[in-house]
Amino acid sequence: MHTRTVAIVMTIAKVLTAVVSCITALMLVHIIPDLLSVKTRELFLKNKAAELDREMGLIRTQEETGRHVRMLTHEIRSTLDRHTILKTTLVELGRTLALEECALWMPTRTGLELQLSYTLRQQNPVGYTVPIQLPVINQVFSSNRAVKISPNSPVARMRPFAGKYMPGEVVAVRVPLLHLSNFQINDWPELSTKRYALMVLMLPSDSARQWHAYELELVEVVADQVAVALSHAAILEESMRARDLLMEQNVALDLARREAETAIRARNDFLAVMNHEMRTPMHAIIALSSLLQETELTSEQRLMVETVLRSSNLLATLINDVLDLSRLEDGSLQLELGTFNLHVVFREVVNLIKPIASVKRLPITLNLAPDLPEYAIGDEKRLMQTLLNVVGNAVKFSKEGDISITAFVAKPESLRELRFPDFFPVPSDNHFYLRVQVKDDGLGINPQDIPKLFTKFAQNQSSARNSGGSGLGLAICKRFVNLMEGHIWIESEGLGKGCTAVFVVKLGWSNESKHSFMQKVPANHGQTTFCGLKVLLMDDNGASRTITKGLLVHLGCDVTTVTSTDECLRVVSQEHKVVIMDVCMPDGFEVAIRIHEKFTKRHERPLIVALTANTNKVTKENCMRVGMDGVILKPVSVDKMRNVLSDILEHRVLFEAM
């Protein structure tokens with residue numbers, strides 16, 4: 001038994017212990033939730049830390065993948081050669097992923113098979129082929145992701161496995177092959193339009209290594225980069241082929257151009273030679289015929305001489321037409337613009353045509369509108385040649401009836417009514433459009449034959465078969481009118497109903513007046529002979545020299561002939577008033593310069609006139625350059641020589657248009 005004191009102490013201790021326990025229990029009620037929340041937070045933080053570790057792992061994986069992709073992309077795109085791109089891809093993938101084998105299967109030309117074209121370990125692939133319709137190939141081609149395939153698949157059997165080693169895991173991915181034709185404007189090609197290659201990657205044999213997600217992603221990205229690089233290579237190959245083709249075409253075009261230039265030079269040389277060779281005998285025929293015409297002849301002889309002269313003039317006109325057409329076609333013929341009397345041109349044409357029309361008893365009427373300007377700016381010779389040809393056709397194809405020539409300034413509203421595909425009139429204050437209509441009551445033309453009239457060497461067979469002509473006149477007129485920014489056409493209701501030829505040309509307004517402008521009209525000088533006029537004639541062609549001398553002697557000239565440039569310089573003196581020389585001779589232009597040097601005073605120097613058969617513009621320019629006073633073209637008749645001498649003595653200058 002305890003003492004009372006001990007019992008009291010123990011009782012008090014137990015009571016205090018109970019009180020402390022109660023107080024502790026009451027405090028635990030508040031502490032336990034806090035402990036639970038701390039535990040929950042600790043668990044949350046652990047989960048967050050694990051998630052953060054995973055994200056950091058993904059980031060590191062992505063960074064590593066990106067680094068590998070950049071390295072591979074740099075290596076792949078460092079060249080635009082297709083074979084280098086593919087070989088580099090396999091090498092870099094094998095090194096980065098530690099592959100045992102990596103291969104590329106390319107489609108064949110037929111597109112029905114895949115051929116083993118590139119491998120990592122084999123230097124020269126055997127070139128196995130597999131059908132493209134295999135299920136494993138369709139599986140890979142139908143997905144844009146890297147696909148794991150069986151190591152026993154036909155596309156994975158790149159070399160036999162020896163011993164007990166188990167093959168590693170194999171993945172395959174498609175590689176789009178884009179060509180230039182696959183790219184469409186404002187759109188990408190559909191997948192069905194693409195062709196694919198197959199890339200197969202194999203991990204080392206008998207290893208526990210497996211493919212990771214980031215490695216598969218790396219393979220997919222590399223496949224896309226290879227596709228882009230191959231598309232660039234394809235475009236480069238196409239551009240190289242296009243460049244080579246363009247170079248071949250340029251070489252062919254350059255060769256064709258040189259051949260064309262050679263042909264044009266040959267043609268021009270031929271025309272120049274033929275021009276000279278044809279005009280020289282024509283000069284003899286026309287000159288002798290005109291001399292013979294002025295002698296005493298019987299009516300029968302005069303008729304024959306006139307026939308020869310008309311035929312010669314017709315042949316000379318044909319020669320001019322052929323030469324004009326050749327210059328028009330090669331673009332060397334240009335308009336010679338100047339101020340001229342428009343009314344005089346029409347009157348001259350009528351005066352030239354009237355003798356022919358009077359024989360056929362065809363009256364010609366000329367109607368010039370009151371508002372038609374007297375002077376205009378344009379090419380007088382080409383306008384006159386066009387008008388003469390059109391009026392000449394009206395006379396040629398008419399046996400009876402009247403021929404009327406009407407000329408007036410075309411109004412703007414009438415120009416708008418002319419709807420021709422190659423005629424675009426543009427009215428302006430400095431120009432006007434001259435409209436000329438030549439109407440006849442002749443044979444007429446079938447409407448379906450009208451377009452053929454402006455084709456060279458083509459004639460209206462129904463009416464022109466027995467009318468003569470070469471079929472060149474209207475063809476040349478059309479080109480002349482086109483040069484003058486105009487248009488020409490024919491209107492006819494049919495055979496026997498006549499026709500109307502109409503042309504419109506563009507001319508410039510002129511401020512010249514009658515008093516300030518010297519009309520370009522052939523002078524009708526009363527003087528018919530030039531008795532005692534001393535003329536020095538230089539020509540190395542005996543026949544041409546004799547004929548030209550005959551013309552001059554017939555006109556009363558005192559003619560001295562020389563055959564060489566040295567003899568000409570030795571004989572020429574102040575007594576000679578005119579020197580006529582053939583500039584086709586060697587040093588022909590040099591003689592003119594030497595004569596200028598010999599006679600420094602103008603009144604002492606004789607007038608120098610070139611007699612030539614060359615109609616090119618260069619000859620005229622050379623004559624003017626060396627200081628000649630005139631140029632006359634062969635052939636020359638008595639009347640032409642008389643007018644030439646009169647004009648050159650009166651105006652001291654005469655240059656025929658060429």
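Predicted model: local features only at pLDDT ≥ 70, side-chain atom pairs only at ≥ 80, totals over all residues.
Asp 539 is buried (under 20% relative accessible area, with exposed meaning over 50%, partly exposed anything in between, and a 1.4 Å probe run over protein chains only), yet this residue has no salt bridge, and the nearest side chain of opposite charge, Lys 634, is 4.2 Å away. A salt bridge here needs a side-chain nitrogen of Lys or Arg within 4 Å of a carboxyl oxygen of Asp or Glu.

Numbering runs from 1 along each chain as its sequence is written, and side-chain values use heavy atoms, with hydrogens and water left out.

**Around Asp 539**

Asp 539 sits in the loop between strand E14 (534-538) and helix H11 (542-554). Helices (H or I, at least four residues) and strands (E, at least two) are DSSP runs, numbered from the N terminus. Leaving aside neighbours within four places in sequence, the contacts of Asp 539 (heavy atoms within 4.5 Å) are Ser 544, Arg 545, Val 562, Thr 563, Asp 582, Met 585 and Lys 634.

**Lys 634 and its partner**

Which residue does Lys 634 form a salt bridge with? That's Asp 582, with the closest N and O atoms 3.9 Å apart. The pair links distant parts of the chain, 52 residues apart: Asp 582 is in the loop between strand E16 (578-581) and helix H13 (588-598), and Lys 634 is in the loop between strand E18 (630-633) and helix H15 (638-651). Both ends are tucked away: Asp 582 is buried at 5% relative accessible area, and Lys 634 is buried at 2%. Lys 634 has another feature to flag, a cis peptide bond to Pro 635 with omega at about 0 degrees. Pro 635 is placed in the loop between E18 and H15.

**Salt bridges**

Side chains of opposite charge can pair when their charged atoms come close. The count for this model comes to 18 salt bridges, including these:

| Pair | Closest N and O atoms |
|---|---|
| Asp 254 and Arg 257 | 2.4 Å |
| Arg 642 and Asp 639 | 2.8 Å |
| Asp 582 and Lys 634 | 3.9 Å |

Asp 254 and Arg 257 are three residues apart in helix H4 (residues 213-293), so about one helical turn separates them. Asp 254 is partly exposed at 27% relative accessible area, and Arg 257 is partly exposed at 40%. These two belong to a network of salt bridges that also links Arg 258 and Glu 261.

Arg 642 and Asp 639 are likewise three residues apart, in helix H15, and about one helical turn separates them. Here Arg 642 is buried at 15% relative accessible area, whereas Asp 639 is partly exposed at 45%.

**Positive phi values**

Ala 98 has phi near 55 degrees, a positive value in a residue other than glycine. Ala 98 lies in the loop between helix H2 (82-97) and strand E1 (101-107), and is partly exposed at 41% relative accessibility. Glu 485 also has a positive phi, near 55 degrees, and its loop runs between helix H10 (473-483) and strand E12 (487-492). Glu 485 is partly exposed, with a relative accessible area of 46%.

**The chain overall**

The chain has 15 helices and 19 strands, and buried residues make up 41% of its 658 residues. Among contacts between residues at least 6 apart in sequence, 71% join residues at least 24 apart.

Notes:
Lys, Arg positive; Asp, Glu negative; His and termini not counted.
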